[in-house]
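I opened the notebook to look up a few strands and helices, one after another. The entries follow in the order I made them.

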Amino acid sequence: MMKLDVSTRTRLAQRAKRRRRALKISCREVGEAAGVSAASVIQWEKLLPQTTRHDVSWEATLKVPPGWLRNAQIETPEQAGPVFDFPGGGPRTFEEFINGYCIWHARPNHMERTLSHAELSAREQRIATIMARRYGSEGEEASTLQAIGDELGLTRERVRQIEEKAREQFGRVPAPGDLVDRLRDAFAGQLPCRLTDLPEPVLQLLGGRFSIEGADRFFREVLGDRLINLRNLGGTLPATPEKIIVADDAPDEDLVRTVRQTSLGMIRQAGAAHVFFVVGALVAAGLAATPTQVILCARMFVGFEWLLEDEGWFWYGPGTDNRAKWTALKVLSAANRQVDIEELYAAMARARFSKQGERLGPAAVSTPMPILQILLSRFPEVQRSSFNDYRLASDIPHDAPATFLSPTESIICDALRQHGGVVSRRTLTQELVETGRIERITMNMALMSSPVFRRHDRGIWTITGFSFSPEALQAACEARRQLQLVDGWYEMEAALPRSALERGDWFAPAGSHAHLTPGDYKIVGIEGMTRYVENPIGDPYLKRFGFLVAAQGFEAGTPFVFGISSTERTLRVCAIQGGDEE
């Protein structure tokens, strides 16, 4: 026999493969007839072996004339036996196609196969049922070995054995191209899409309770192709798995997760996320992304909603950690009147920037007032009473402050209310710090960072959205520490909090601000300089003052007389003992 070249052997091998598939015969059946493994048959169908010792049994299995394997001139006989074909122009649903496939391959003899479940024996029906269930014919939860075994009265191991045996009888069949095309049309414009939000046309194409995950597994494992592009991403919470169907050209998963993490960080700080700021954050982190890619990534997660699509603002719903929400709830629960949008906007900005400082980036972006108005309309706890005024919803209980405020905020709010809603820091210090109810640093941090409180004037604090009388304001101003001019020194009594000794910086009393200007000051009797700094987002402070004074033996809470020279950039500190200055 003439020796065949590689090219001819390849073409003849492909013809043998097509013949086997046309007869719906598995590689295992060919291998058993020839006395070789299925893996050997797979290799034969890639390149015809040079030896002819298996040709007789191989040709008999393929039902072709002798010599057909190595002679392209010998015609292929017409196919005999039943054909895997659906009457009426093909399957109408994936349920019909996959169930039909499992019924067809339930019989090991391909010449006796059928698409009728009723024509199968009890054993064959059980095989068909198990395989169809494994591919989601009754939904994804019913596709596990345990669920199938419980229904059929079998152990998980027995179900696995039956499945493994049945897979050996599986052969390749053409994919239902028309059905696949209709599925892609049904998903057009709907991707990304969560498995829980499948469009109605897709559900109709699946049929019954058929799982699209199971249908995709069938295509991958049996037909060697994928039906959908399925990704397992984070859900509403970062640790919650969420399966999403995405387009074939969807961004990679690392970019998707980074977009979500960045946008959630912006929502936590600003109440909403903005497409272009997210793009900027990604570029700053070394990830190239376009606005279109960011939008595709953001839409893959639960709760995505455009707040103002034309402007690029979006969020993931009220269930996410949202600064706009908790700011509004805190302010409205503490106020004694309706609060307008400008007050809420200022409260949110004050709270955010007190924490962010001068840090730049998406987290420090200020949400525009129109976006804040849209956000407030999405919160069920907030009710708009007029165009610009807001209050808590009527179904919120009267003890809402205890729910929305922190313990420190509640204590300070109670103290403010006792003084008519406005009070000096000095009074708060006397009533709350010196009595041991809260720490000085805790009170200072709450006053500077909480949206509930607003500085009315230097040393004077009130509750955001709280109306107070002129008499209450006058009393607060009179209680504010005042400096007295004594022998060329502006003096007042003060004390250092523990935080000033630990960090070095001391927030100078409000009454001293009018007599201090930014820059360095020397302290009488103390080596080293302190610097007066005007803080753009908080109270002015004397830098390193705490360290310098502590070196002289001053302790937290020790009263002293703080003096400012009226003629020079000089300060002095005099301890008070037994009522006399030292």
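Which residue in β18 does A494 stand opposite? I found that A494 stands opposite F560 in β18.

Before going on, I noted that this is a predicted model, in which local features need pLDDT of at least 70, side-chain atom pairs count only at pLDDT 80 or more, and totals for chains, interfaces and linings use all residues. Residues are numbered from 1 along each chain as its sequence is written, and side-chain values use heavy atoms, with hydrogens and water left out.

**Entry on β14.** I looked up the strand β14 (residues 489-495); helices (H or I, at least four residues) and strands (E, at least two) are DSSP runs, numbered from the N terminus. Antiparallel to β14 runs β18 (residues 559-565), joined to it by 7 bridges; two strands pair if DSSP finds at least two bridges between them. β13 (residues 484-486) also pairs with β14 in the antiparallel sense, over 3 bridges. There, V486 has W489 of β14 as its bridge partner. β13 and β14 form a hairpin with 2 residues between them, and D487 in the turn has a positive phi of about 55 degrees. I then checked burial (buried is under 20% relative accessible area, exposed over 50%, partly exposed in between, with a 1.4 Å probe and protein chains only). In β14, 5 of the 7 residues are buried, so the strand is largely enclosed by the rest of the structure.

**Entry on the open sheet.** I found an open sheet of 3 strands in the order β10-β12-β11, with antiparallel pairing. β10 (422-424) and β11 (453-457) are the edge strands, each pairing on one side only. Between β10 and β12 (residues 460-463) I noted 3 bridges, and S424 stands opposite I460 in β12.

**Entry on α12 and α13.** I looked up how α12 (residues 253-270) meets α13 (residues 275-284): their axes come within 10 Å and cross at roughly 120 degrees. Axes are lines fitted to C-alpha atoms, for helices over the stretch in contact, and angles run from 0 to 180 degrees between N-to-C directions. In contact (heavy atoms within 4.5 Å), residues of α12 including L255, V259 and M266 meet residues of α13, among them F277 and L282.

**Entry on Q373.** Is Q373 buried or exposed? Q373 is buried, with a relative accessible area of 15%. I placed Q373 in helix α17 (residues 369-378). Not counting residues up to four places away in sequence, Q373 touches I341, R384, F387, N388 and Y390.
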